[in-house]
Amino acid sequence: MADRTLVIGDKRYSSWSLRPWLLLKMAGIPFQETLIKLRQPSTQADCLRYSPTAKVPVLIDGALTIWDTLAIAEYVAETWPEKHLWPADRVARARSRSVVAEMHAGFADMRREMAMDCISVLPKPELSAGAARDVARVQEIWQSCRAEAAGGPFLFGAFTIADAFYAPVATRFVTYQIPMTGTVQAYADTILSLPAMREWIAAATREA
Ligand SMILES: N[C@@H](CCC(=O)N[C@@H](CS)C(=O)NCC(=O)O)C(=O)O
């Protein structure tokens, strides 16, 4: 059994947990899971057992603990370079790091007003101007990346860290009935039809 554990939150709600989980699955890197229930009186104490920030995800690889999604993704990419989890091309790699950084550091309004609930379809919310801008920007990123991508259906062709970072947004667009057309719809469909995504959503349904 792998001496590697990913500590995650509820699959239904934890968008940050989905990112490294999907990355490890898509890369075929074995790991065990420990799931902490979020939004419970015990959540903070449960998370503090693994992470100084009291947040998930956390990757525990042997003696090493990594407690931030981007740090986990970088560690995985460095440890398994043969998986090519960043694009091989230097220019594409710089662009993919930019869109990943945008996701990691931004989209606060969309995140707040469209919290991940990957097993539900909810009424389309009245979005604030900020959240509407976030949605438009994500769609612009997907369109511009797909326009330049070659060799596969993902943002940079083959599956990379950028796809893991935007996968939770594909579920949010469905949950909150955000209109999608053309390239944006096709990209969301690509992500949501991945066997690993189906596995995550099926497990989220069982949790509920
Ligand atoms: N910057 C962190 C954010 C992680 C985060 O906010 N995780 C949420 C769950 S998605 C969490 O652990 N919340 C703790 C709580 O709900 O008490 C990362 O990139 O990993």
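Biologist: How many residues of domain 2 are in contact with domain 1?
Modeller: This is a predicted model. The domain assignment gives domain 1 as 4-83 and domain 2 as 90-196. On the domain 1 side, 19 residues are in contact; on the domain 2 side, the number is 21.

Biologist: What share of the area buried between domain 1 and domain 2 do carbon and sulfur atoms give?
Modeller: The buried area between the two domains is about 1800 Å². Arg12, Arg19 and Met26 supply 33% of what domain 1 buries against domain 2, more than any other three residues. For carbon and sulfur atoms, the share of the area between the domains is 71%.

Biologist: Which residue forms a salt bridge with Asp117?
Modeller: Between domain 1 and domain 2 the count is 2 salt bridges. In the one with Asp117, the closest N and O atoms are 2.7 Å apart. The partner is Arg12.

Biologist: Which element supplies the largest share of the side of domain 1 that touches domain 2?
Modeller: Both α1 and α3 supply at least two residues of that side. The largest share is 9 residues. Those come from α1.

Biologist: Which strands does helix α1 lie across?
Modeller: The open sheet has 4 strands in the order β2-β1-β3-β4, with mixed pairing. Its edge strands are β2 (32-35) and β4 (64-66). Helix α1, residues 15-27, runs at about 150° to β1. The strands it lies across are β1, β2 and β3.

Biologist: Which residue of β3 does Leu6 stand opposite?
Modeller: Strands β1 (residues 4-8) and β3 (residues 58-61) pair in the antiparallel sense over 4 bridges. Opposite Leu6 stands Leu59.

Key:
Residues numbered from 1 in each chain as written. Predicted model: local features only at pLDDT ≥ 70, side-chain atom pairs only at ≥ 80, totals over all residues. Heavy atoms only, no water. Pairing = 2+ DSSP bridges. Contact = heavy atoms within 4.5 Å. Axes fitted to C-alpha atoms, helices over the stretch in contact; angles between N-to-C directions. Domains from an automatic or database assignment. Buried area = accessible area lost by both parts, 1.4 Å probe. Salt bridge = Lys/Arg side-chain N within 4 Å of Asp/Glu carboxyl O.
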